[in-house]
Amino acid sequence: MADHLPEALGPLLREARSRLAAAGIDDPALDARLIVEHYSGTTRTQAIADPWRKIDGDAIAAIDGALRRRAGGEPVHRILGYREFYGLRLSLSPETLEPRPDTETLVEAVLPFVKAMVAREGACRILDLGTGTGAIALALLSVVPAATATGVDISAGALAMAARNAGQFGLGGRFTTVQSDWFEKVSGRYHVIAANPPYIPTREIGNLQDEVRDFDPRVALDGGVDGLNPYRIIAAEAARFLEAEGRIAVEIGHTQSNDVNDIFRAAGYTGGEVFGDLGGNDRVLVFQRATS
């Protein structure tokens, strides 16, 4: 492609797919299509109906550069600069974890409670710890118009991206950000505290897929020696920020259900309802404060 850039959409797609397949990319057809469509401004329907549509040289050069990056191992959504999550096209930055479909499980787990709280009290205040792109909070706000959310992150860059995402969906008026190391600078009380915390044991970081290990921020992955440090912090400190009948929802690694349950129960929480992801793995736990 670098020497003889095709100008027609159909051949362009085929060559892109071949390049990624030769580089050993897992799903070369999908990634080639995403790249070509993004930089050429075309759709899948157009590729089928009009394969000889001419693509201009600037777009072809951009596609070539993107394919080089993908063949070098950079995740396709990092290259495109966005990832779809719960129907929202979230912009990414180097400081943000790439939101993944498994985390939609957490949104689904707390959504009925958020809706019920709004129906009963006319409001629902959500605290999203380690908000990153704002994925969890913004997904909930997009579905429940009366809800508000505060996104907390230790990274100023991540918070800037979360605020940008909120603005592009028209949710900026209901979403605020706080730069904080967990609860350090948080104030107020919330009906829902949600978190997709770092939960990979430090020693296992090196065994992660290259696309995760090399491109997701390490601070969003490393959960300490046993991967459970963030859960200990949340369980120990959340009570003073949680409304009496509030809920805490946390994403977990698929082997961590029992350990995380024990941590929250020891801190005075009940529930521990388990929600599975699309792969059938334990993915989210939801707790509430024990009533005396």
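Before the first pair, a convention: a crossing is left-handed if the near helix is turned anticlockwise from the far one by less than a right angle, and right-handed if clockwise. Helices (H or I, at least four residues) and strands (E, at least two) are DSSP runs, numbered from the N terminus. What you see is a predicted model, in which local features need pLDDT of at least 70 and side-chain atom pairs count only at pLDDT 80 or more, while totals for chains, interfaces and linings use all residues. Residues are numbered from 1 along each chain as its sequence is written, and side-chain values use heavy atoms, with hydrogens and water left out.

Now the helices. By the convention above, α1 passes α2 in a right-handed crossing. Helix α1 covers residues 9-22 and helix α2 residues 28-40; they pack at an angle of about 135°, with their axes 8 Å apart. Axes here are lines fitted to C-alpha atoms, for helices over the stretch in contact, and angles run from 0 to 180 degrees between N-to-C directions. That makes α1 oblique to α2; angles under 35 degrees count as roughly parallel, over 145 as roughly antiparallel, 65 to 115 as roughly perpendicular and the rest as oblique.

Which residues of α1 meet α2? On the α1 side they are L9, L12, L13, A16, R17, L20 and A21, and their counterparts in α2 include P28, A32 and V36. Contact means heavy atoms within 4.5 Å.

Helix α2 also packs against helix α4 (residues 57-71), at an angle of about 150° and with the axes 9 Å apart. This crossing, too, is right-handed. From α2, D31, I35, V36, Y39 and S40 meet a set in α4 that includes A62, I63 and L67.

On to the sheet. It is open, with 7 strands in the order β5-β4-β3-β6-β7-β9-β8 and mixed pairing. Two strands pair if DSSP finds at least two bridges between them. β5 (175-179) and β8 (269-276) stand at the edges with a single partner strand each, so one side of each has no neighbour in the sheet. On average, neighbouring strands are turned by 20° against each other, direction ignored.

Strands β3 (residues 124-129) and β6 (residues 190-195) run parallel and are joined by 4 bridges. D128 stands opposite A194 in β6. Helix α10 (residues 229-237) lies across β3, β6, β7 (242-251) and β8, at about 175° to β7. Helix α11 (residues 257-266) packs on the sheet as well, touching β7, β8 and β9 (282-289), and its direction makes about 10° with that of β9.
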